[in-house]
Amino acid sequence: MSYQSGRHFLQIPGPTNVPDRILRAIDRPTIDHRGPEFISLTKGLLRDIRGIFKTESRVVIITGSGTGAWEAALVNTLVAGDRVLMHETGQFSTLWRNLAERLGLSPDYIEGDWRHGADAARIEAALAEDKAHAIKAVCVVHNDTATGITSNVQNVRKAMDAVGHPALLLVDTISSLGSIDYKHDEWGVDVTVGGSQKGLMLPPGLSFNAISDKALAASESGGMTRSYWDWNDMIAANEGGSFPFTPATNMLYGLREAIDMLNEEGLDNVFARHVRHGEAARRAVTAWGLELQCLNPDEFSNALTAIRVPEGNSADALRKAVLENFDMSLGSGLGKVADKVFRIGHLGDFNDLTLTGALCGVEMGLGLAGIPHSTGGVAAAMDYLAAKRQSS
Ligand code: PLP
């Protein structure tokens, strides 16, 4: 391939763009992971990462992608044969369900249409039927990255409480952490699963479990046979500022920088920025006359926008045109919506011009790919963003 001038536009919903500050932080000599400097780094990270999850309890940092943290959440708290209640919201709820099945768990999968989030009323009804409390965990994906749907975790908690069901609540925040407001403690979540490569603006490779006392107790007295994913080994080593194995030292430098950047901007400002960009992107979609994959405005994701192309058109052809002509990567449609949906990521290190630049690429690409649409999407987003600046 010949040299492409200018910066590649990485507008997939993760991995997201890694800011220069984080790249610089990672680009330092690796140190002794049992020495005093590292121990002080780890202790600071374990203290401060809790603020990102809004928890006072413990967070473990896993060397592994988000899938590893999904697995860790399940193997530490459940045993083969346990029933788990999961809700279909898109490809990521489906992949988590598949993983649970492979571990020998028995998922009750509440069917969804990939256009609505987790339905708390259906979760409540399923739990109400389970008089013997055979269901041991409820698993929900907060922000399904395949469909651009954000489920209401508070309502799921309320549904569990309404029927007094003791199941653990496990939530995937891989594409919402650091982008969409999330409160592990206040929402009564037992295990929150996070990842490094989205709102935290890091490369892929780290993931997290935030763990309630109830989930920790479940792991101490049970869980599956496990080794690498074991929380108890990890927590014991973390007490002294180390890990039970060689940690990803340089990624941890990056994590330090990422937490500092999020705190410098202020988490509330970070969330407000994502709200603004989500709304601007949706205004562009409306002006183009295209359809959002998510049908419920209360569940629109502010981390990404998943857009349907009109019947008979190819979303992949659009993505190809955009990549070849403008050097921009858009997210593909996954699973059931392959080639029907394309996704614009607007999470992580992002500003108004990154968004309008990305929308320009999409609007030009729609024309080049021959996808029926109206022009004016970029203008609609610009008007909204400028008006927001004026009013702030
Ligand atoms: N859950 C969600 C919501 C995701 O977006 C992803 C990846 O994009 C995963 C889980 C799986 O994480 P990973 O690909 O880092 O293993």
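Visitor: Where is Asp327 found?
Guide: Asp327 sits in the loop between α11 (315–326) and β13 (328–332). Keep in mind that this is a predicted model.

Visitor: What is its phi, for Asp327?
Guide: Positive, about 55 degrees, although Asp327 is not a glycine.

Visitor: And is Asp327 buried or exposed?
Guide: Asp327 counts as buried, at 14% relative accessibility. The cut-off for buried is under 20%, so 14% qualifies.

Visitor: What about Met201, what is phi there?
Guide: Phi of Met201 is near 65 degrees, a positive value in a residue other than glycine. Met201 lies in the loop between β9 and β10. Met201 is buried, with a relative accessible area of 4%.

Visitor: Let's stay in that loop. Which residues does Ser196 touch?
Guide: Ser196 is also placed in the loop between β9 and β10. Leaving out residues up to four places away in sequence, Ser196 touches Met201, Leu202, Pro203, Pro204, Gly205, Leu206, Phe208 and Met251.

Visitor: What does the side chain of Ser196 reach?
Guide: The backbone oxygen of Pro203, at 2.8 Å. Ser196 counts as buried, at 0% relative accessibility.

Visitor: On to β10. What is Asn209 in contact with?
Guide: Asn209 is found in strand β10. Setting aside neighbours within four places in sequence, its contacts include Arg58, Val59, Val60 and Ile62. Ala69, Ala72 and Ala73 are also among the contacts of Asn209.

Visitor: Which backbone oxygen does the Asn209 side chain reach?
Guide: That of Ala69, at 3.1 Å. Asn209 is buried, with a relative accessible area of 0%.

Visitor: How many Å apart are Asn209 and Val156 in space?
Guide: They are 19 Å apart, C-alpha to C-alpha. In sequence, Asn209 and Val156 are 53 residues apart.

Visitor: Trp231 came up. Which residues of α8 are buried?
Guide: Helix α8 covers residues 231–239, and its buried residues are Trp231, Met234, Ile235, Ala237 and Asn238. They cover an arc of only 165 degrees around the axis, which puts them on the same side of α8.

Visitor: What is exposed on the other side of α8?
Guide: Ala236 and Glu239.

Visitor: What covers the buried residues of α8?
Guide: The cover includes helices α2 (36–53), α3 (66–77) and α7 (213–221). Strands β2 (58–63), β9 (191–195) and β10 (206–211) are also part of it.

Visitor: And what happens at the start of α8?
Guide: A side-chain oxygen of Asp230 reaches to within 3.4 Å of the backbone nitrogen of Asn232. After the helix comes Gly241, whose phi is positive, near 80 degrees.

Visitor: Now α5. Which of its residues are buried?
Guide: In helix α5 (residues 120–129), they are Ala120, Ile123 and Leu127. Seen down the axis of α5, these fall within an arc of 60 degrees, so they line one face of the helix.

Visitor: Why would residues spaced like that point the same way?
Guide: An α-helix has 3.6 residues a turn, so residues three or four places apart point the same way.

Visitor: What do the buried residues of α5 pack against?
Guide: They pack against β3 (83–87), β4 (106–110), β5 (135–141) and α6 (153–162). The face of α5 turned away from the buried side carries exposed Ala121 and Glu129.

Visitor: What reaches the backbone nitrogen of Ala121?
Guide: A side-chain oxygen of Asp119, to within 3.0 Å, at the start of α5.

Visitor: Helix packing next. At what angle do α3 and α4 pack?
Guide: About 50 degrees, with their axes 10 Å apart. α3 and α4 are therefore oblique to each other. α3 passes α4 in a right-handed crossing.

Visitor: Which residues meet there, between α3 and α4?
Guide: From α3, Thr67, Trp70, Glu71 and Leu74. From α4, Phe92, Leu95, Trp96, Leu99 and Ala100.

Visitor: Last one. Which peptide bond is cis, with omega near 0 degrees?
Guide: The one from Gly14 to Pro15 is cis. Pro15 is found in the loop between β1 (9–11) and α1 (20–26).

Definitions and conventions. Residues are numbered from 1 along each chain as its sequence is written. This is a predicted model: local features need pLDDT of at least 70, side-chain atom pairs count only at pLDDT 80 or more; totals for chains, interfaces and linings use all residues. Side-chain values use heavy atoms; hydrogens and water are left out. Buried means under 20% relative accessible area, exposed over 50%, partly exposed in between (1.4 Å probe, protein chains only). Helices (H or I, at least four residues) and strands (E, at least two) are DSSP runs, numbered from the N terminus. The arc is that of the directions from the helix axis to the C-beta atoms. Contact means heavy atoms within 4.5 Å. A polar contact is a pair of N or O atoms within 3.5 Å; within protein, one must be able to donate a hydrogen and the other to accept it, and residues adjacent in sequence count only if both atoms are side-chain atoms. Axes are lines fitted to C-alpha atoms, for helices over the stretch in contact, and angles run from 0 to 180 degrees between N-to-C directions. Angles under 35 degrees count as roughly parallel, over 145 as roughly antiparallel, 65 to 115 as roughly perpendicular and the rest as oblique. A crossing is left-handed if the near helix is turned anticlockwise from the far one by less than a right angle, and right-handed if clockwise.
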